[in-house]
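Subject: Structure for you to look at

Hello,

Here is the structure I promised. Please open it alongside this note, and read on for what turned up.

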Amino acid sequence: MTMPARDRSTSRPQLLKVASQQRVMIALALLILFGALRYDNFLGSFNVFSVMRYNSMFALTSLGMCFVIMTGGIDLSVGTTAALASVVSALLSPYGLVPGLCGGLLAGVVVGTVNGLLVTRVGIQPFIATLSGMLMASGSGLLLARNQSVSVSYDTSFTELGQGDLSGLPVPAWIAIFAYLAGSILLNYTAFGRNVLAVGGNEEAARLMGLPVARTKFLAYLQSGVLASLAGVILAAQFGAGQPAEGVGWELFSIAAVVVGGTLLTGGIGSVVTTLAGVLLLGLIFNVLNFENGMGWISLSAYWQSVIRGVFLMIVVMAGSGKKWAVFRRSLAH
Amino acid sequence: MSEAQPIATNARLPAVWPRLRPFATLAALLVLLAFNLAVTPNFVSWQTLNVNMTQVATIVIVSVGMTLVIATGGIDLSVGSLMAISGALAPLIFLSPFGLAHPALGVALALVVPVAAAAAFGFFNGWFITRFGVQPIVGTLVLFIAGRGIAQVMTNGNLQVFKNPSFQVIGLGRVFGVPVQVIIMLILVAAAAWMLRRTLLGRQILAVGGNERAARLSGVPVAVIKRWVYTISGFCAGIAGLVVVSINSSSDANLVGLGMELDAIAAVAVGGTPFAGGQAMVVGTLLGALIIQLLRYTLLANGVPDSAALIVKGAVIALAVWSQQRGR
């Protein structure tokens with residue numbers, strides 16, 4: 001998985017970052033504008049709320065993934081961590097909101113710790129380390145739930161975490177907004193954020209400068225586990241059940257969202273805000289498809305959404321740099 | 001994703017270790033077999049061998065292609081989706097009016113076209129990655145997402161149930177009592193091992209993975225080689241897709257090959273092929289897949305639930321890779 005190291009002059013990544021950030025924001029704005037002009041209820045509160053409620057889970061896993069990728073790693077375990085956390089929190093939901101939430105988060109802390117230790121202490125490549133973390137989390141979730149979904153108690157306020165509204169916005173949306181604010185501050189204004197980018201940019205140089213490389217990476221996997229488990233708690237609260245078999249493919253969807261958001265998989269460059277834009281773009285494609293079907297002009301099955309998402313990811317990757325566009329145009333001309 | 005390689009640990013391990021390393025996987029398999037002989041009831045039976053070999057065959061078939069991709073320093077996340085495409089195409093062909101009117105030709109096309117299509121998608125992966133300098137993990141993520149969608153759109157998400165003995169030879173047939181897919185598996189493993197040792201392409205694959213820049217400077221057509229390995233990986237996934245649908249007598253685009261990319265990567269990792277590229281242990285991959293399969297069988301046969309077996313599987317994958325890195 002070692003990628004060929006590219007020579008990075010200081011100015012080019014910076015330019016690239018700005019260019020791709022603008023691109024994803026413009027694309028998102030255009031998609032929203034398109035939807036707002038074409039469909040009546042696109043910006044209606046019902047649609048906006050349901051999009052927010054559902055995509056908040058992916059927003060959280062993608063935020064965690066974003067930090068891990070910025071250190072030059074990857075976390076394949078986010079989906080099954082969410083599944084495990086949904087089971088744990090559902091099992092604890094009869095005791096109330098706080099025990100359910102804390103139990104779920106604890107599951108994320110455990111998985112994140114295992115991943116972090118495997119990567120930093122044992123020295124296993126992130127891909128394999130988190131693949132084994134993924135299997136262990138999935139197995140634990142299925143074991144705890146006895147291979148079935150676990151109903152959430154409706155006697156306590158636990159379900160508010162997924163279904164409730166607060167000051168005019170869904171609770172999951174508040175959680176996601178808060179997480180992204182914290183993530184943005186963490187990345188841009190703290191030593192941890194600078195360490196994350198330094199470690200991902202050039203690990204050896206970061207080590208030689210005396211930065212705490214191992215600790216930074218460990219914390220990255222830990223926060224990814226915690227955010228994924230938060231997504232799992234929301235999953236349980238929103239759908240009224242802890243679902244041990246859910247979360248399949250979430251990790252790759254999150255990676256796609258991060259990539260669409262302009263964060264480089266080689267690490268060292270990234271942005272929290274555009275990751276959220278990436279999540280919303282991929283989520284809104286499905287939403288727009290539904291509306292378009294409702295118009296009656298076309299009738300594309302829901303299966304088209306994966307095709308469209310894939311093509312979209314392809315275009316984003318191709319647009320990664322102006323030079324590559326030139327290559328593409330030349331390849332078309334031939 | 002570059003992980004600093006630990007500095008040589010020769011001080012702790014004797015110099016013969018690098019030469020013994022390929023046998024470590026074999027030793028682990030033998031230990032597992034010995035454990036089963038001692039503990040698992042009715043382990044020595046034709047049926048045990050049969051069950052394990054038929055189950056492992058599809059994973060090994062996919063893993064052979066994955067080994068070559070990883071040997072170039074890449075990765076292929078799209079194999080499961082390509083299996084779904086191939087598995088969806090085959091019944092569409094032999095159940096079509098044309099296929100029903102010409103049964104022999106229909107079956108022949110149903111065996112050839114899906115594999116060719118999967119190989120073509122594999123070529124697309126290679127083209128995309130080399131043409132735009134995309135990282136393999138992102139480049140193949142495109143078809144991971146879109147590929148299953150294509151299979152679902154082709155079948156409209158419907159389950160295709162069929163009974164076609166001449167097509168299903170690939171999953172249910174036997175030659176001298178050996179299942180056909182096991183024979184295919186062994187042929188592919190042998191062919192890949194031979195190719196890596198004896199052919200120019202094999203040498204060039206290892207050269208690209210070992211040091212891409214050096215390979216390019218010494219005249220290796222790096223982009224061509226990479227397109228080849230992704231095409232081969234798609235080809236293998238296509239065959240595996242046919243095997244899976246013929247075993248099931250049905251094709252479900254939502255399920256065929258789901259999660260296969262990670263199973264295959266795990267088999268390659270346990271088999272001792274390093275993710276940095278430059279080395280390929282095809283026989284090791286076969287042994288790695290057998291270890292993972294036998295481990296699961298051992299646990300299930302001794303009353304451990306499948307969910308607990310998953311936890312053990314995760315731990316064993318980490319353990320195997322850790323021990324290999326120590327030896328390196």
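Gly116(A) is a residue of helix 4 (residues 97–120) of chain A. Helices here are DSSP runs of H or I with at least four residues, strands are E runs of at least two, and both are numbered from the N terminus. This is a predicted model, in which local features need pLDDT of at least 70 and side-chain atom pairs count only at pLDDT 80 or more, while totals for chains, interfaces and linings use all residues. Residues are numbered from 1 along each chain as its sequence is written, and chains are lettered from A and ligands numbered from 1 in the order in which they are written.

Is Gly116(A) buried or exposed? Gly116(A) counts as buried, because it has 27 C-beta neighbours inside 10 Å. The cut-offs: buried takes 20 or more other C-beta atoms within 10 Å of the residue's own, exposed takes 12 or fewer, and partly exposed is in between, with C-beta atoms placed from the backbone.

Gly116(A) touches Lys217(A), Phe218(A), Tyr221(A) and Leu222(A), leaving aside residues up to four places away in sequence. Contact means C-beta atoms, placed from the backbone, within 7 Å. Leu222(A) is 106 residues from Gly116(A) in sequence, yet their C-alpha atoms are 6.5 Å apart.

**Chain A overall**

Chain A has 14 helices and four strands. Of its 334 residues, 53% are buried. Take the contacts in chain A between residues at least 6 apart in sequence: 77% of them join residues at least 24 apart.

Helix 10 of chain A runs over residues 213–239. Its 27 residues should span 39 Å at 1.5 Å a residue, and its end C-alpha atoms are 39 Å apart, which agrees. The expected span is 1.5 Å times one less than the number of residues. Of those 27 residues, 24 are buried, so helix 10 of chain A is largely enclosed by the rest of the structure. Just after this helix, Gly240(A) takes a positive phi of about 70°.

Helix 7 (residues 171–189) of chain A has 19 residues. It reaches 27 Å from first C-alpha to last, close to the 27 Å expected. Its buried residues include Val171(A), Pro172(A), Tyr180(A), Gly183(A) and Leu187(A).

**Helix 2 against helix 11 in chain A**

The axes of helix 2 (residues 45–70) and helix 11 of chain A come within 8 Å and cross at roughly 70°. Axes are lines fitted to C-alpha atoms, for helices over the stretch in contact, and angles run from 0 to 180 degrees between N-to-C directions. That makes helix 2 of chain A roughly perpendicular to helix 11 of chain A. Angles of 65 to 115 degrees count as roughly perpendicular, under 35 as roughly parallel, over 145 as roughly antiparallel and the rest as oblique.

Helix 2 of chain A makes a right-handed crossing with helix 11 of chain A. Right-handed means that the near helix is turned clockwise from the far one by less than a right angle, and left-handed means anticlockwise. Among the residues in this contact are Phe58(A) and Met65(A) of helix 2 and Trp250(A) and Phe253(A) of helix 11. By class, the contact has nine nonpolar, three polar and no charged residues. Nonpolar covers Ala, Val, Leu, Ile, Met, Phe, Trp, Tyr, Cys and Pro; charged covers Asp, Glu, Lys and Arg; the others, Gly among them, are polar.

Trp250(A) is in helix 11 of chain A. Trp250(A) counts as buried, because it has 26 C-beta neighbours inside 10 Å. It touches Thr61(A), Val78(A), Gly79(A) and Ala82(A), not counting residues up to four places away in sequence.

**Where chain A touches chain B**

How many residues of chain A are in contact with chain B? The count is 50 residues of chain A, in contact with 50 of chain B. Helix 5 of chain A gives the most to the side of chain A that touches chain B, with 14 residues. That side has 31 nonpolar, 15 polar and four charged residues.

**Chain B**

The axes of helix 3 (residues 79–94) and helix 6 (residues 136–155) of chain B come within 8 Å and cross at roughly 15°. These two helices of chain B are therefore roughly parallel to each other. Helix 3 of chain B passes helix 6 of chain B in a left-handed crossing.

Best wishes

Terms used:
Contact = placed C-beta atoms within 7 Å.
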